[in-house]
Amino acid sequence: MLTKEYINKLKSNGNGDLKALINKKKDDKSILFILENLGYLPENFDESWVIDLLKSNNKRIRLNAVKTLGKVKNERYINRLYEIAKNDEVTEIRREAVSSIGRIRSEKAVPVLIELLKDYDPKVVTQAIRALLVFKGKKEIDTALKKLIKHENEMIQVVINKEYFARKNTSKDKLKHPQSYDFLKNKVVLGDVRDILKLIPDESFHLTFTSPPYYNARDYSIYPSYKAYLKFLKEVFQLTYEKTKEGRFLIVNTSPVIVPRISRQYSSKRYPIPFDIHHFLVEMGWEFIDDIIWVKPEASVKNRNAGFLQHRKPLAYKPNARTEYLMVYRKQTDKLIDWNIRQYDWNTVKESKVKDGYETSNVWNIDPKYDKVHSAVFPVELCKRVIEYYSFKNDLVFDPFGGSGTFGRTAKFLDRYFFLTEKEPKYFEYMKSFLKQKPDEIFHTKETEFLTLEEFKKTIK
Ligand SMILES: C[S@@+](CC[C@H](N)C(=O)[O-])C[C@H]1O[C@@H](n2cnc3c(N)ncnc32)[C@H](O)[C@@H]1O
């Protein structure tokens, strides 16, 4: 029986034993087993038998033969691999061939790699770019690669931009990444969020989680038109972008809303808010990361089914809307998430680790919360998950549409600082009332300041 150990022994002999074995075992299964278990190749490895396998009818054998030739790292095979990269009918094998050319790390491969930059498959082009970047700095190569900034494919543009065009250190953050301004910590400011954000330094927040007003579906949100409403949200999220630290997150909780019909002769109108804001968020630089679906029990949502239940006529079907979206975005950066994590000291990372029992899927089953004063408050559990999964202890988190302040209180409970803005005096007062009414509430146990816009201006340092 063939075993990995046996193959290991034969490949190190260098005396043709492996070749003899391949000649004996002609069936695809054994050949594949041998190829897939070759591991690293010794100096004296005899690859002559691999060349024949490049013509195999079995795609997996061809793929592994190409991989093995890549490990041999011999300039002799550049043209052979180039032919495969150009002509094999299987895309995966073509990509592997380019990757194998790259592994050879030879300047002799440069002309064929430059030729492969014209390939129709963006992944082939990306492999060729990777291979050429080994020789970055050589004029011929830089010229060929820089041209790709105009490539149709966005991933290719990102790579070329990062390698050749990105301005270094464009961050305007005057503080160290984990730090935030004291005058923003645990503050609730009364006013239009746009006026308030214009006053504060760029790159102040580590995380924003918010539920914007529901267009004209609730009493506190009256806009002249849907267009005006979207323009308003665009302004808020553009400012939020500027005030967010490099590579940090924005999570927007929205759902389509219904504006009731004017009279029985008209239909009600449904506005797909999450889908309409998505494209402008991405355009302004928020990179889309995830969509989380918040699911509520059916009994807790408005019943739209009563009519249909009786008549059962197609087209008039109206499902009960049990879901809302939490759309997750990250401020654009060429740095990986790892970079953000590395900015924190070991202790903070350790203390911020998410505990067992966390939600593993993007479907979050959470009961809604009803409040006697505010008609659309976050459940604490929703805020808790967002804060724990997307921020570190002592971060500064922001909610531009503070409402009853659930996000702020939960943040404080989880040892984060918060900054909230709220336009309506009645909700601002309601948030304040948590201080007096519920002595065990978090607003009470740690200092929180409630400021008018004018008062806030005086605190800015
Ligand atoms: C959906 S509610 C948010 C509720 C909040 N998540 C909670 O847990 O209580 C939206 C809030 O945004 C506020 N708001 C609307 N326009 C605003 C603006 N321009 N600036 C600040 N707050 C605003 C509304 O008064 C309302 O309280």
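H5 and H7 are roughly parallel to each other, because their angle falls under the 35 degrees cut-off. On that scale, over 145 degrees is roughly antiparallel, 65 to 115 is roughly perpendicular and the rest is oblique. Helix H5 covers residues 59-72, and its axis packs against that of H7 at about 10°, 8 Å apart. Axes are lines fitted to C-alpha atoms, for helices over the stretch in contact, and angles run from 0 to 180 degrees between N-to-C directions. Helices here are DSSP runs (H or I, at least four residues), numbered from the N terminus.

The model is predicted: local features need pLDDT of at least 70, side-chain atom pairs count only at pLDDT 80 or more, and totals for chains, interfaces and linings use all residues. Residues are numbered from 1 along each chain as its sequence is written.

Now look at the residues between H5 and H7. On H5, the contact uses Lys-59, Arg-62, Leu-63, Val-66, Lys-67, Leu-69 and Gly-70. H7 supplies Glu-92, Ile-93, Glu-96, Ala-97, Ser-99, Ser-100 and Arg-103. Contact means that C-beta atoms, placed from the backbone, lie within 7 Å. By class, this contact has five nonpolar, three polar and six charged residues. Ala, Val, Leu, Ile, Met, Phe, Trp, Tyr, Cys and Pro count as nonpolar, Asp, Glu, Lys and Arg as charged, and the others, Gly among them, as polar.

H7 (residues 91-104) also packs on H9 (residues 122-133), at about 5° with the axes 9 Å apart. H7 and H9 are therefore roughly parallel too. Arg-94, Arg-95, Val-98, Ser-99, Ile-101 and Gly-102 of H7 meet Lys-123, Val-124, Gln-127, Ala-128, Arg-130 and Ala-131 of H9. That contact has five nonpolar, three polar and four charged residues.

Move on to H18 (residues 380-390) and H19 (residues 406-413). Their axes come within 9 Å and cross at roughly 55°. That makes H18 oblique to H19. Val-380, Cys-383, Lys-384 and Ile-387 of H18 touch Thr-406, Phe-407, Thr-410 and Ala-411 of H19. Five of these residues are nonpolar, two polar and one charged.

Last, the domains. An automatic or database assignment gives domain 1 (47-165) and domain 2 (182-459). Their centres, taken over C-alpha atoms, are 45 Å apart.

Definitions and conventions. Helices (H or I, at least four residues) and strands (E, at least two) are DSSP runs, numbered from the N terminus. Two residues are in contact if their C-beta atoms, placed from the backbone, lie within 7 Å.
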